[in-house]
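Subject: Structure for you to look at

Hello,

Here is the structure I promised to pass on. Please open it next to this message and follow along.

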Amino acid sequence: MTHVGNVRDNHELRFTRALVIGTGFSGLGMGIELQKLGVDFLILEKANEVGGTWRDNIYDGIACDIPSHLYSLSGREQKGGWSHLWSPGAEIQEYLMDVTKRHNLRRNIRFGQEVVRAQWNDQEARWHVFTKTGEEYVTQFLISGAGALHIPMVPDIKGHETFRGAAFHTAQWDPSVDLTGKRVAVIGTGASAIQVVPSIVDRVAELHLYQRTPAWVMPRVNLEFPGWTRWILDHIPGPKRVLRDSIFWIHEFVGYAMTRRQRFLVIAKWLGESNIKKHITDPELQRQLTPSYSAGCKRILNSSAYYPAIANPKTTLITDGIDHIVPEGIVTRDGTLNEVDVIVYSTGFHVTDSYTYVTIEGENGESLGKRWDKKGVQAHRGVSVANMPNLFFLLGPNTGLGHNSVVFMIESQIHHISQLIQTVDDNGAEGIAPTWEAQNRYNKKLQEDLKHTIWNTGGCKSWYVDKFGNNTTLWSKTAWRYWRSLKRLRHSEFQLY
Ligand code: NAP
């Protein structure tokens, strides 16, 4: 059992065998697996509720852009009774709270515990993990379920602190700010913005949309499931399974096109162009909204409401580029001042920092942050790291997807981590880490494969690619191939401690 142990520097040490960071899909899924394994564990959560992404992102219009029937944990945790094909964020949050309750996970979760540092002790073969509030945990296995998209990126635009109205990031949405009748600026036109824009346009007085790069946006029809269909999909395994599998394999086809047969992406280009033409009549606006890079290079988005919202007379698309912000609003590079009451930053997340926000020191006190800063973020099969024994990432480097559900990736990794823990126990060892040889070989091949994908060849600048020109964010093949690569543990790739 987890217990409070000896006292050091006036604080108690808390011992556990496995420590998980975060209570999103990753942390909760890992907790369920650790319960099955009979491994004593704690989950540290910086906030006061479970849910991760789906707790934090409460902006207007929030929904998952992967169909819901694929976007839940598998097996007994699979939910079929979703309200829509693309269900609202609040429903996903409700699902995660249900999962927490069903597995009685709250007794293992410590809320308000933000991890800031983790240090491997070579002699003890244990991680010492420190939180912002000064707690110290000692654990054999340290598993990060923090993911890559949890630190909002608010651009450092000159004068932004002088703005006199409300200003917030989509992931820090302030529901107390009533947008009704206000002049609202939305900066960014990515995955979050295309959900926010249509959902606020009707009630604002003016909507100023600042676009740096247009996105490819596919049309979509969001089905609402009547009660009886929801019941069938929730209670009868056959239809639930068929629907889930069909959605999975349709998305895998897109992944295959992005990684192996880019010529198929012409279908996405055609759909994107027709979505624009259907709703936008002004040829200049059509031109501004049409991306100059290949479909798939940045995340392909889906909405049939986005372009009608841009066509709304209340909306102005601004492509001049932002120069600075003044108390009254935003000044573009041509010197025009656009006065607004509220600024919404829909500008994405810090990606590399999301992996290194915890200071991690492994064998011989080596800093993982410094290693990654010098050479780029890199892990073995996206999960474990050489010379960092018993440190495992969920949705770590190169395991994001541009085409399918990341919950599937998380579950593949949970299975892999489970095998790593069992290997340590079966061998009477204390720790496990990949060999440098295996990690280097894996990453060399991965980067080779990525060179031929749409993310590297599509002619766009995206956050998938780091300062060294390497894509350290996405997996290089279909999700199924990743699952297959983790199905069976390759013992020769690891060393025991
Ligand atoms: P995003 O897709 O990266 O979009 C950020 C937008 O902000 C881009 O249009 C970017 O322009 C713009 N931008 C950034 N800095 C700017 C600046 N200084 N000035 C002007 N524009 C600026 O971010 P996001 O919408 O937060 O989505 C991030 C990721 O979260 C997505 O890719 C997806 O993986 C996930 N997400 C998922 C869902 C879902 O439904 N499952 C929903 C939302 C988000 P450039 O393109 O020129 O860089």
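**Helix α1**

Helix α1 is mostly covered, with 10 of its 13 residues buried. Bear in mind throughout that this is a predicted model. The buried residues of α1 are F25, S26, G27, L28, G29, M30, G31, I32, E33 and L34. The helix runs over residues 25-37. From first C-alpha to last it reaches 18 Å, close to the 18 Å expected at 1.5 Å a residue. Just after α1 comes G38, with a positive phi of about 75°.

**Aromatic residues**

F25 also belongs to an aromatic cluster, together with W54, Y71, W82 and Y95. The count of aromatic pairs comes to 15. One of them is F141 with F392, a stacked pair. Where do F141 and F392 lie? F141 is in strand β7 (residues 136-144) and F392 is in strand β20, so the pair ties together parts that are 251 residues apart in sequence.

**Around helix α2**

The structure holds 24 salt bridges. One pairs E45 with R55, and the closest N and O atoms are 3.0 Å apart. This pair links distant parts of the chain: E45 sits in strand β3 (residues 41-45) and R55 in helix α2, 10 residues apart. E45 is buried, at 3% relative accessibility. R55 has a relative accessible area of 15%, so R55 also counts as buried, the limit being under 20%.

R55 has another partner. D56 forms a salt bridge with R55, with 2.9 Å between the closest N and O atoms. D56 itself is partly exposed, at 28% relative accessibility.

Next comes N57, in the loop between α2 (53-56) and α3 (89-102). N57 is buried, with a relative accessible area of 8%. What does N57 touch, leaving aside residues up to four places away in sequence? The contacts are I62, T170, A171 and F349.

**Helix α7 and the surface patch**

F253, Y256, F264, V266 and I267 form a nonpolar patch on the surface. Together these residues have about 420 Å² of accessible area. Helices α6 (237-259) and α7 (266-279) are the elements that give two or more residues to the patch. I267 is found in α7. At 45% relative accessibility, I267 counts as partly exposed.

K269 is partly exposed, at 38% relative accessibility. E273 is partly exposed as well, with a relative accessible area of 22%. Elsewhere, salt bridges that share partners join E12, R14 and E135 into one network.

**Positive phi values**

Most residues other than glycine have a negative phi. Two places to check against that background follow. A125 has a positive phi, near 55°. A125 is found in the loop between β5 (115-121) and β6 (126-131). A125 is buried, at 9% relative accessibility.

The other place is N387, with a positive phi near 65°. N387 is in the loop between β19 (384-385) and β20 (388-393). Is N387 buried or partly exposed? At a relative accessible area of 21%, N387 counts as partly exposed, since buried means under 20%.

**Where to start**

Then turn to R55 and its salt bridges with E45 and D56. After that, go to the nonpolar patch that includes I267.

Best wishes

Conventions: Residues numbered from 1 in each chain as written. Predicted model: local features only at pLDDT ≥ 70, side-chain atom pairs only at ≥ 80, totals over all residues. Heavy atoms only, no water. Helix = DSSP H or I, 4+ residues; strand = E, 2+ residues; numbered from the N terminus. Buried < 20%, exposed > 50% of the residue type's maximum accessible area, 1.4 Å probe, protein only. Contact = heavy atoms within 4.5 Å. Patch = residues over 30% accessible without salt bridge, like charges linked within 9 Å, V, L, I, M, F, W, Y side chains within 5 Å. Areas by Shrake-Rupley, 256 points an atom, 1.4 Å probe, with all protein chains shown as cover. Salt bridge = Lys/Arg side-chain N within 4 Å of Asp/Glu carboxyl O. Expected span 1.5 Å × (residues − 1). Phe/Tyr/Trp six-rings, centres within 6.5 Å; stacked < 30°, edge-to-face > 60°.
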